[in-house]
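Colleague: Could you walk me through this model in plain words? I would like to know what each label rests on.

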Amino acid sequence: MKQKILAIDDSKAIRFLLQTVLGSEYQVITAPDGCSAMYWLSKKNIPDVIIADPQLPDMENWELIEQLTTSGIYRDIPLLVLSSLPEEETVNRCTEMNIQAYYIKPFNPMDLVKTVNRLAREKSGADAQ
């Protein structure tokens, strides 16, 4: 069975891109906002990797990221941030929240695929222990 990736971004183009570049190897579930993502997660769905934009239309900047990184249920899921915020802010917030990986938009999709593959491998290795 394919590993699951939850991709949360308000940009339809970004969601389509992630579905396209990751869809052959992973089951990619997309959400346009934080509420949709949290609803999917509340149905006992646990992805192997989460890709999230810190700027979502239904939440304050970084609100969803903070919820995920501080939650007892979701904090161990590898998280990749896809940000269009200033690089310094993104780097500082990701460092504060101990986030494994981040990309500043625009980004190279092939680099992102390599990072997702690494995060997914690390996750499956951790689950096996």
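Modeller: Gladly, and let us begin with a rule: rings of Phe, Tyr and Trp (its six-membered ring) pair if their centres lie within 6.5 Å. By this rule, the count here comes to 1 aromatic pair. Please keep in mind that this is a predicted model.

Colleague: What makes the rings of Tyr103 and Phe107 a tilted pair?

Modeller: Their centres are 6.3 Å apart and their planes stand at 50°. Planes under 30 degrees apart count as stacked and over 60 as edge-to-face, with the rest called tilted, so the pair of Tyr103 and Phe107 is tilted. Both residues are buried as well.

Colleague: Now the sheet. In what order do its strands run?

Modeller: The open sheet has 5 strands in the order S2-S1-S3-S4-S5, with parallel pairing.

Colleague: Why are S2 and S5 said to stand at the edges?

Modeller: Strand S2 (27-31) and strand S5 (101-104) each have a single partner strand, so one side of each is left without a neighbour in the sheet. From one strand to the next, the twist averages 15°.

Colleague: How do you know that S1 and S2 pair?

Modeller: Two strands pair if there are at least two bridges between them. S1 and S2 share 5 bridges in the parallel sense, so by that cut-off they are a pair. Lys4 stands opposite Gln27 in S2.

Colleague: And what makes S3 and S4 a pair?

Modeller: Strand S3 (residues 49-52) and strand S4 (residues 79-83) are joined in the parallel sense over 3 bridges, and at least two are needed. Ile50 is found opposite Leu79 in S4, while Ile51 has Leu80 of S4 as its bridge partner.

Colleague: Which helices lie on the sheet?

Modeller: Helix H2 (residues 34-42) packs on the sheet and touches strand S1 (4-8) and S2, with its direction at about 155° to that of S1. Helix H4 (residues 87-96) lies across S4 and S5, running at about 170° to S5.

Colleague: Why are H2 and H3 called roughly parallel to each other?

Modeller: The axes of H2 and helix H3 (residues 63-70) come within 10 Å and cross at roughly 25°. Angles under 35 degrees count as roughly parallel, and H2 and H3 therefore get that name. The crossing of H2 past H3 is right-handed. Gly34, Met38 and Leu41 of H2 make the contact with Leu64, Gln67 and Leu68 of H3.

Colleague: What makes S1 largely enclosed by the rest of the structure?

Modeller: Buried means under 20% relative accessible area. In S1, 5 of the 5 residues are buried, so the strand is largely enclosed. In a regular strand the side chains alternate between the two faces of the sheet. Both faces of S1 are covered, with Lys4, Leu6 and Ile8 buried on one side and Ile5 and Ala7 on the other.

Colleague: How do you know that S4 is mostly covered?

Modeller: Here too, 5 of its 5 residues are buried. Leu79, Val81 and Ser83 are buried on one side of S4, and Leu80 and Leu82 on the other.

Colleague: Why does Val116 count as buried?

Modeller: Val116 has 0% relative accessibility, so it counts as buried, the cut-off being under 20%. Val116 lies in helix H5 (residues 109-128). Leaving aside its neighbours within four places in sequence, Val116 is in contact with Ile5, Leu22, Tyr26, Val49, Ile51 and Leu80. Val116 and Ile50 are 66 residues apart in sequence, and their C-alpha atoms are 9.1 Å apart in space.

Colleague: Why is Lys44 called exposed, and why is Trp62 called buried?

Modeller: Exposed means over 50% and buried means under 20%. Lys44 has 76% relative accessibility, so it counts as exposed. Trp62 has 1%, so it counts as buried.

Methods
Residues numbered from 1 in each chain as written. Predicted model: local features only at pLDDT ≥ 70, side-chain atom pairs only at ≥ 80, totals over all residues. Heavy atoms only, no water. Helix = DSSP H or I, 4+ residues; strand = E, 2+ residues; numbered from the N terminus. Axes fitted to C-alpha atoms, helices over the stretch in contact; angles between N-to-C directions. Contact = heavy atoms within 4.5 Å. Buried < 20%, exposed > 50% of the residue type's maximum accessible area, 1.4 Å probe, protein only. Parallel < 35°, antiparallel > 145°, perpendicular 65-115°, else oblique. Left-handed = near helix turned anticlockwise from the far one by under 90°.
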